[in-house]
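Please read the points below with the model open beside you.

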Amino acid sequence: MSDIKIKITDRDGVTHEVDAPTDMNMNLMEVVRSYELAPEGTIGICGGMAMCASCQCYVQSDHQLPEKSDDEDAMLAEAFNVEDNSRLGCQIHMTPDLDGLVVELAPES
Ligand code: FES
């Protein structure tokens, strides 16, 4: 058993509590896609390369996340609707210490 629980609020304001595996090398964008919490084609457009910001989310819990890479920083500098707690979902990998993570998907830009 290596699943963690994550709360994800979709772009319609509906919160979903989902199980995310930590042993499949998945990132948050892929978790959102696997549960179909955002329509196909509106998230993960660049395939998780930190090049599109379609996976932007707001981190609402106070989990210690890995530092942003330069690519993520640069992408968020250009994206719309960016807040202090914005991250790119594709750059957040599912690890056991993220159990209880709470995020909200940023609006489609
Ligand atoms: S999927 Fe494109 S930046 Fe995350």
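1. A residue is called buried here when its relative accessible area is under 20%, exposed when that area is over 50%, and partly exposed in between. The model is a predicted one, and the points that follow should be read with that in mind. On this scale Cys 90, with a relative accessible area of 2%, is buried because that value falls under the 20% cut-off.

2. Cys 46, by contrast, counts as partly exposed, at 22% relative accessibility.

3. How many salt bridges does the count come to? The count comes to three, and each pair is taken up separately below. Side chains of opposite charge can pair when their charged atoms come close.

4. Lys 5 forms a salt bridge with Asp 19, and the closest N and O atoms of this pair are 2.7 Å apart. Lys 5 lies in strand E1 (residues 3-9) and Asp 19 in strand E2 (residues 15-21), so the pair ties together parts that are 14 residues apart in sequence.

5. Arg 87 forms a salt bridge with Glu 72, with the closest N and O atoms 2.8 Å apart. Because Arg 87 belongs to strand E4 (residues 86-88) and Glu 72 to helix H2 (residues 70-78), this pair ties together parts that are 15 residues apart in sequence. Are these two residues buried or exposed? Both Arg 87 and Glu 72 are buried.

6. Arg 33 forms a salt bridge with Glu 40, the closest N and O atoms being 3.0 Å apart. The accessibility classes of the two partners are as follows: Arg 33 is partly exposed, with a relative accessible area of 31%, whereas Glu 40 counts as exposed at 65% relative accessibility.

7. Two backbone angles deserve a check. Glu 36 has a phi near 55 degrees, a positive value in a residue other than glycine, and Glu 36 is placed in the loop between helix H1 (28-34) and strand E3 (56-59). At 69% relative accessibility, Glu 36 counts as exposed.

8. Ala 50, although not a glycine, has a positive phi of about 60 degrees, and Ala 50 likewise has its place in the loop between H1 and E3. With 6% relative accessibility, however, Ala 50 counts as buried.

Note on methods:
Residues are numbered from 1 along each chain as its sequence is written. This is a predicted model: local features need pLDDT of at least 70, side-chain atom pairs count only at pLDDT 80 or more; totals for chains, interfaces and linings use all residues. Side-chain values use heavy atoms; hydrogens and water are left out. Helices (H or I, at least four residues) and strands (E, at least two) are DSSP runs, numbered from the N terminus. Buried means under 20% relative accessible area, exposed over 50%, partly exposed in between (1.4 Å probe, protein chains only). A salt bridge is a side-chain nitrogen of Lys or Arg within 4 Å of a carboxyl oxygen of Asp or Glu.
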